[in-house]
Amino acid sequence: MRTRERRVAEAITAYLARDGHDPRALARVVGEALGATGCALIIDGHRYQWGDGGGSWREHDIGYGGAVAGVLAVAPESVGSLSAVAAVLGAPVAALRLVEETDRLRRDGDAAALVLADERWRAAAEMEQERRGLERDLHDGAQHHLVSLRMSLALVEHAISTGAGRERVADLVARLDETERVLVDTATGILPGALVAGGVALALRTELARHDEVTLDSAGLRRRYPVPVESAVYFVVLEAVNNARKHAEGAWVTVTVRDGYRGLEFTVADGGPGFVMATPNAGLPNLTARAASVGGVVEVRSVPGVGTTVSGVVPF
């Protein structure tokens, strides 16, 4: 008659030939070979159990390579000596630990790869956001000066034809110097000094003072807002003024900024020819994107023969 240890060894050998990677299946094989009502393998703190035991449990360390590879627990307690069975289980349990460690390392590697990919994506997204921000700053700030230069060139051309162009040329050179400064400051991420020191009202007053056809009403603006909000509103207003001066040359332009019950409100209205709007906010993606970057909204209304109004708000 075969001994109990031999039955266990043969059952384990058959298990290894079939699967060999499921610790609960191994616990079932050992428990059935021992005639137990419950068997559990405790490996690295995890308990893999077959059967409910129906009584008290007895445990025995499973050794392999001079170290404890796991614990064998069997119920009922009267099953008998477990030392020989535990010795037979040494190699299979060590193999299970190795499989589990390999799986853990693979999972950790996959997780690290996902984190790396996510960080790369975030870095690329942040770089693209910075690029688009610089693009908007150049468009909204520097282009404002370039449009003014173009209009000044037309005046210089006319003045030269009448023999009175010297003062116009000096003024044009000064404007070129100012435009160069704006381009350099924008490329290095420097906000206009007036915006940093005095907020939207002072920055707009400084920038728009040179344009006789533009009127600024900032009496209703009495508080400061976070720098990103003030910067966004400043550039949105400048681009709206720039559009008005470019497409409604010579028409009056009124700029209003104020503290509203919702937040920082602004309006740019002109008395130009207006246009037919095929869709809401047509042709003004930069305004919408910049306002949205700080949680704001922009609305454009235009009627042929009446003019165009750009209004918006950045909520508190």
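## Salt bridges and a helix pair

Q: Which residue does D108 form a salt bridge with, and how far apart are the closest N and O atoms?
A: D108 pairs with R104, with the closest N and O atoms 2.8 Å apart. A salt bridge here is a side-chain nitrogen of Lys or Arg within 4 Å of a carboxyl oxygen of Asp or Glu. This is a predicted model: local features need pLDDT of at least 70, side-chain atom pairs count only at pLDDT 80 or more, and totals for chains, interfaces and linings use all residues. Residues are numbered from 1 along each chain as its sequence is written, and side-chain values use heavy atoms, leaving out hydrogens and water.

Q: Where do D108 and R104 lie?
A: Both are in helix α4, 4 residues apart, about one turn of the helix. Helices are DSSP runs (H or I, at least four residues), numbered from the N terminus.

Q: What else does R104 bridge to?
A: E101, with the closest N and O atoms 2.5 Å apart. Salt bridges that share partners join E101, R104 and D108 into one network.

Q: Is E265 buried or exposed?
A: Buried, at 8% relative accessible area. R258 is partly exposed at 44%. Buried means under 20%, exposed over 50%, partly exposed in between (1.4 Å probe, protein chains only).

Q: New topic. At what angle do α6 and α7 pack?
A: About 5°, with axes 10 Å apart. Axes are lines fitted to C-alpha atoms, for helices over the stretch in contact, and angles run from 0 to 180 degrees between N-to-C directions. The pair is therefore roughly parallel (angles under 35 degrees).

Note on methods
Helices (H or I, at least four residues) and strands (E, at least two) are DSSP runs, numbered from the N terminus. Angles under 35 degrees count as roughly parallel, over 145 as roughly antiparallel, 65 to 115 as roughly perpendicular and the rest as oblique.
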